[in-house]
Amino acid sequence: TETTYDPQRGLQKSSKEFRGDRLLVSTISTHNEDDDLIRQDLYSDKGKWYGAKIYEHNLLVKKLYKFSDGSTAEVGIKYNANRWIDRAQFSHNDRLICNFVHEHLPDGTTKRTIALGPDGGLWAEYPNLSVVEVDQHGHPPNSTAGIIHKTGNWW
């Protein structure tokens, strides 16, 4: 990862993530006048915008994606009074896929996340893992973790 910083404020301006010599993603960060991170825009290896992460009080509250096939995804994240993830909602092409409920140990460690379908039915459990988005089969990004109760395509 290569990162550039604002020399006056010391804040991250941008970053580029590589695998070997290949650029994977570029990120441009935006901060408010109080130096809080408020947004990170994501760009493909070809420089095309494909997503954003939105922050409030330095907490990630929303992820937006627009994929090359025209499909979209959105994640909304809510926190409890301890600033631990409490709930998240995942949508694909403006259709609610599932709600995530996070359970924590007293020290804040994630005990488990459960995925509930739009009708409230249990779709998956993720022990010891904080999950806010999944692939079409209910697995977190880059993982096969979890106990999947709803088999097949989630969207």
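Student: Where do I start? How many helices and strands are there in the protein?

Tutor: Start with secondary structure. The model is predicted, and it holds zero helices and twelve strands. Along the sequence the pattern is β-β-β-β-β-β-β-β-β-β-β-β.

Student: What does the C-alpha trace span along its principal axes?

Tutor: About 50 × 40 × 30 Å. The protein exposes about 9,500 Å². Carbon and sulfur atoms supply 47% of that area.

Student: What share of the 155 residues counts as buried?

Tutor: The cut-off is under 20% relative accessible area. By that test, 35% of the 155 residues are buried.

Student: Next, the core. Which residues have the most contacts inside the largest nonpolar core?

Tutor: The general idea comes before the case. In soluble globular proteins, nonpolar side chains tend to be buried together. Here the largest nonpolar core has 23 residues. Those with the most contacts inside it are Phe90, Cys98, Phe100, Ala115, Tyr126 and Trp154.

Student: Which strands each supply at least two residues of this core?

Tutor: Six entries to find on the model: strand E4 (37-43), strand E6 (59-66), strand E7 (72-79), strand E8 (85-92), strand E9 (95-104) and strand E11 (122-127).

Student: How many salt bridges does a search of the whole structure find?

Tutor: Eight. One of the eight is Arg22 with Asp45, at 4.0 Å, N to O. Arg22 lies in strand E3 (residues 22-31), and Asp45 lies in the loop between E4 and strand E5 (49-56), so the pair ties together parts that are 23 residues apart in sequence.

Student: Why does Asp45 count as partly exposed?

Tutor: Because its relative accessibility is 32%.

Student: Where do Glu74 and Lys62 lie?

Tutor: Their side chains meet in a salt bridge at 3.6 Å, N to O. Glu74 is in strand E7 and Lys62 is in strand E6, so this pair ties together parts twelve residues apart in sequence. Glu74 is partly exposed, with a relative accessible area of 31%. Lys62 is partly exposed too, with a value of 31%.

Student: And Lys63 with Glu133: how far apart in sequence are the parts they tie together?

Tutor: Lys63 lies in strand E6 and Glu133 in the loop between E11 and E12, so the bridge ties together parts that are 70 residues apart in sequence. The distance is 2.7 Å, N to O.

Student: Are Lys63 and Glu133 buried or exposed?

Tutor: Lys63 is buried, with a relative accessible area of 13%. Glu133 is buried as well, at 12% relative accessibility.

Student: Which residues do salt bridges that share partners join into one network?

Tutor: Arg22, Asp45 and Lys46.

Student: What about charge overall? How far apart are the mean positions of the positive and negative charges?

Tutor: There are 19 positive and 21 negative charges, and their mean positions are 4 Å apart.

Student: Where does Ser44 lie?

Tutor: In the loop between E4 and E5. Ser44 is buried, with a relative accessible area of 18%.

Student: Last one. How do I compare sequence distance with space for Lys150 and Trp123?

Tutor: Count positions, then take the C-alpha to C-alpha distance. Lys150 and Trp123 are 27 residues apart in sequence and 4.8 Å apart in space. Lys150 lies in the segment after strand E12 (147-148). At 26% relative accessibility, Lys150 counts as partly exposed.

Student: What share of contacts with a separation of 6 or more comes from residues 24 or more positions apart?

Tutor: In this protein, 16%.

Key
Residues are numbered from 1 along each chain as its sequence is written. This is a predicted model: local features need pLDDT of at least 70, side-chain atom pairs count only at pLDDT 80 or more; totals for chains, interfaces and linings use all residues. Side-chain values use heavy atoms; hydrogens and water are left out. Helices (H or I, at least four residues) and strands (E, at least two) are DSSP runs, numbered from the N terminus. Buried means under 20% relative accessible area, exposed over 50%, partly exposed in between (1.4 Å probe, protein chains only). A nonpolar core is a set of buried Ala, Val, Leu, Ile, Met, Phe, Trp, Tyr and Cys residues joined through side-chain atoms within 4.5 Å. Contact means heavy atoms within 4.5 Å. Accessible areas come from the Shrake-Rupley method with a 1.4 Å probe; for residues, only the protein chains shown count as cover. Lys and Arg count as positive and Asp and Glu as negative; His and the chain ends are not counted. The place of a charge is taken as NZ of Lys, CZ of Arg, CG of Asp or CD of Glu.
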